[in-house]
Amino acid sequence: MPWIVGVSGASGTPYAAAVLRALLVAGESVDLVVSRASRLTLLDETGISFRDAHWQDDLREWLARGADGKPGTFDADVEGVRYWNAGDLAAGPSSGSYPTKGMLIVPASTACVAGVALGLSKDLLQRAASVSLKERRKLVVAVRETPLNGQTLRHLVALDDAGATVVPASPAFYAGATHIQDLVDFVAGRVLDAAGVAHGLYRRWAGELGGGTRTA
């Protein structure tokens, strides 16, 4: 069964790329939903146009790019990905009878958070998230916004009450980050931790002060 990965329009497309790469390295299958707004963010942050007719080529180029924007940083095999257009409300993930392990929304904009919390299902991303909640499957929401107003905080509490796991895109520094990719990978790793997917994206806390300053 696949993991659904939803990419909304918030800044933070490197987080999504890191999660996707790690899922594929772990041997997981992925159903990918890229919102209309996220295409604009992806173009702004990477210069990549994500096109339905050429999604494999565009996804491969995106996943090969590092968080610093450098192309060709990673090997990108996208054979384990199935792509669904965000406007296709007849797609597999729109139904509870379509088997999945759950869904990861990374990054999650406040508009996406509101739509899922209110059950709006205005596109496939929101509908797939609603299905994950009603079927009691894992839903991990990596919200990327600051500051957070009261309305968004209430929406996040509603998602938590409904069974979702809210993972703010907040990098930590105890793992010994020396590069922007390390900070991105920490957030991506915490998203995968919440989903229960094994990975090696960051150095874990081992109860020893100063451990992050030592080389592995």
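Me: How many bridges join β4 to strand β5, and which way do the two run?

Reply: Five bridges join β4 to β5 (residues 138–143), and the two strands run parallel. Bear in mind that this is a predicted model.

Me: What makes β1 and β4 a pair?

Reply: Strands pair if there are at least two bridges between them. Strand β1 (residues 3–7) is joined to β4 by four bridges, so the two count as a pair, and they run parallel. V5 stands opposite L104 in β4.

Me: What is the strand order of the open sheet?

Reply: The order is β3-β2-β1-β4-β5-β6, six strands with parallel pairing. Each of β3 (81–85) and β6 (165–166) pairs on one side only, and these are the edge strands. As background, strands of a sheet pair through backbone hydrogen bonds, either parallel or antiparallel.

Me: Why is strand β4 called largely enclosed?

Reply: A residue is buried when its relative accessible area is under 20%. In β4 (residues 102–108), seven of the seven residues are buried, so the strand is largely enclosed by the rest of the structure.

Me: Which residues of β4 point one way, and which the other?

Reply: G102, L104, V106 and A108 point one way from β4, while M103, I105 and P107 point the other way. Both sets are buried. In a regular strand the side chains alternate between the two faces of the sheet.

Me: Is S8 buried or exposed, and how do you know?

Reply: S8 has 2% relative accessibility, and the cut-off for buried is under 20%, so S8 counts as buried. S8 sits in the loop between β1 and α1.

Me: What makes the approach of the S8 side chain to P107 a polar contact?

Reply: A polar atom of the S8 side chain lies 2.7 Å from the backbone oxygen of P107. The limit for a polar contact is 3.5 Å, so the pair falls within it.

Me: Why is D182 called partly exposed?

Reply: Its relative accessible area is 30%. Buried requires under 20% and exposed over 50%, so D182 falls in between. D182 lies in helix α7 (residues 180–195).

Me: Which backbone atom lies 2.9 Å from a polar atom of the D182 side chain?

Reply: The backbone nitrogen of T178 does. With the limit for a polar contact at 3.5 Å, this pair is therefore within range.

Me: What makes helix α5 mostly covered?

Reply: Nine of the eleven residues of α5 (residues 124–134) are buried. Among them are L124, L125, Q126 and A128.

Me: What is found at the start of α5, and what follows the helix?

Reply: At the start, a side-chain oxygen of D123 comes within 3.3 Å of the backbone nitrogen of L125. R136 follows α5, and its phi is positive, near 60 degrees.

Me: Which residues have the most contacts inside the largest nonpolar core?

Reply: L23, L32, L59, W62 and L104 do, in a core of 41 residues. The elements that each supply at least two residues of this core include β1, β2 (30–34), α3 (55–64) and β4. Helix α1 gives the most to this core, with nine residues.

Me: Where is the centre of the largest pocket, in terms of the nearest residues?

Reply: A18, R21, A22, V25 and L201 lie nearest its centre, out of 17 lining residues. The largest pocket holds about 240 Å³ of space. Helix α1 provides the largest share of the lining, five residues. By class, the lining has ten nonpolar, three polar and four charged residues.

Me: What volume has the second largest pocket, and which residues are closest to its centre?

Reply: The volume is about 200 Å³. Of its 14 lining residues, S35, R36, A37, K122 and D123 are the closest to the centre. Helices α2 (36–46), α4 (110–118) and α5 each supply at least two lining residues. By class, the lining has five nonpolar, six polar and three charged residues.

Key. Residues are numbered from 1 along each chain as its sequence is written. This is a predicted model: local features need pLDDT of at least 70, side-chain atom pairs count only at pLDDT 80 or more; totals for chains, interfaces and linings use all residues. Side-chain values use heavy atoms; hydrogens and water are left out. Buried means under 20% relative accessible area, exposed over 50%, partly exposed in between (1.4 Å probe, protein chains only). A polar contact is a pair of N or O atoms within 3.5 Å; within protein, one must be able to donate a hydrogen and the other to accept it, and residues adjacent in sequence count only if both atoms are side-chain atoms. On a 1 Å grid over the protein atoms alone, a cavity is a set of points where a 1.4 Å probe fits but cannot get out, and a pocket is an open set with protein on both sides within 12 Å along at least five of seven lines; lining residues have an atom within 4 Å of a point. Grid points are joined across faces, edges and corners, and a volume is the space filled by probe spheres set on the points. Ala, Val, Leu, Ile, Met, Phe, Trp, Tyr, Cys and Pro count as nonpolar, Asp, Glu, Lys and Arg as charged, and the others, Gly among them, as polar. A nonpolar core is a set of buried Ala, Val, Leu, Ile, Met, Phe, Trp, Tyr and Cys residues joined through side-chain atoms within 4.5 Å.
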